[in-house]
Amino acid sequence: MLALLIVAAAVCPPQKLQAARFTPGEILGYRLDALGVDVGTFEVRVHTPPPGSDKRAVLALSTRARTTAFVSTNVGRYDAFATALLASDFAPLHYHEDIDEGETHKAIDLDFPPGADGSLPVRGATNGNAEPFALPAGSDVREIISTLYLLRAQQMKPGSPVCVEVFAGRKIWKVSGQMAARETIETPLGKFATLRVDAEAVRTDDPRVKRAAHVWVSDDEKRLPLVAVGEVRGKVIRAQLVSTSGGRVAQRRK
């Protein structure tokens with residue numbers, strides 16, 4: 001489910017990221033549906049770094065994605081929790097992920113940036129059994145959670161490019177596209193003026209594996225990711241923002 005929002009934000013170098021300005025306490029809640037049928041929920045939270053964290057960390061992000069009771073009972077249970085630490089320049093420092101799919105538990109733990117040899121070491125495990133591996137990656141690769149926030153940290157306009165390497169699902173994806181158009185849309189939180197992002201994610205180890213998606217963010221200083229539509233495991237899934245609280249996330253409807 002996290003992969004659905006992979007294209008919610010990305011920036012092409014040499015643009016410099018703005019300093020992280022998101023306020024701890026912000027919570028964004030999403031409803032996930034397939035052809036109008038609710039399949040799960042997705043939540044993103046902004047925190048202060050916990051005690052003992054990397055001293056460079058100024059911000060922590062966490063996500064929780066899970067299937068509805070109906071889907072868990074009749075199709076299969078999916079429950080994922082992830083956390084990321086970010087430096088003051090919004091660069092990723094650390095990422096941890098726990099995923100339960102049915103009776104299988106998978107965990108991921110890694111640090112950024114990649115090594116001097118261009119490899120990104122990953123400490124993986126399945127049901128407690130260690131599965132370390134490494135992936136070739138560019139120096140600006142980042143994890144999926146902060147990718148969701150990148151666009152909110154930029155001054156973007158129609159025609160602005162979208163491109164970034166993202167670690168997600170134990171793979172590296174090259175995400176590319178552009179801010180396509182300004183549109184006014186109806187959402188569960190009301191009517192918003194938005195910027196639509198059209199992008200495609202391609203797996204770097206197998207270019208045949210591609211995922212297209214469209215994301216609408218509010219056309220204001222908040223840049224709220226309002227709606228995302230994309231393919232997940234062969235199904236078209238829509239994520240809609242249904243609740244906001246805390247931090248600086250105040251609704252601005254137009």
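**View 1. Confidence along the protein chain of this predicted model.** Confidence is lowest in helix H1 (residues 69–74), with a mean of 64, and highest in strand S8 (residues 129–130), at 98. Helices (H or I, at least four residues) and strands (E, at least two) are DSSP runs, numbered from the N terminus. Residues are numbered from 1 along each chain as its sequence is written, and side-chain values use heavy atoms, with hydrogens and water left out. In this predicted model, local features need pLDDT of at least 70 and side-chain atom pairs count only at pLDDT 80 or more, while totals for chains, interfaces and linings use all residues.

**View 2. Two segments with pLDDT under 50.** Over residues 1–11 pLDDT stays under 50, and the model has 59 contacts (heavy atoms within 4.5 Å) for them beyond four places in sequence. Residues 248–254 also stay under 50, with 22 contacts beyond four places in sequence. Where pLDDT is low, the predicted coordinates should not be read in detail.

**View 3. The largest nonpolar core and the surroundings of phenylalanine 167.** Buried means under 20% relative accessible area, exposed over 50%, and partly exposed in between (1.4 Å probe, protein chains only). Beyond its neighbours within four places in sequence, phenylalanine 167 touches residues including Tyr95, Leu110, Leu120, Arg142 and Ile172. Another core, of 5 residues, lies apart from the largest one and has Ala57, Ala60, Ala87 and Leu93 among its members.

**View 4. Strand S11 and its pairing with S10 and S12.** Of the 8 residues of strand S11 (residues 161–168), 6 are buried, so the strand is largely enclosed by the rest of the structure. S11 pairs with strand S10 (residues 142–143) in the parallel sense over 2 bridges; pairing requires at least two bridges found by DSSP between the strands. Valine 166 in S11 is the bridge partner of arginine 142. With strand S12 (residues 171–187), S11 pairs in the antiparallel sense over 8 bridges, and phenylalanine 167 stands opposite isoleucine 172 in S12. The hairpin of S11 and S12 has 2 residues between the strands, and glycine 169 takes a positive phi near 60° there.

**View 5. Arginine 196 in strand S13.** Arginine 196 lies in strand S13 (residues 190–203) and counts as buried at 18% relative accessibility. Leaving aside neighbours within four places in sequence, arginine 196 is in contact with Gln178, Met179, Ala180, Ala181, Glu183, Val215 and Trp216.

Technical notes
pLDDT is the predictor's confidence in each residue, from 0 to 100. A nonpolar core is a set of buried Ala, Val, Leu, Ile, Met, Phe, Trp, Tyr and Cys residues joined through side-chain atoms within 4.5 Å.
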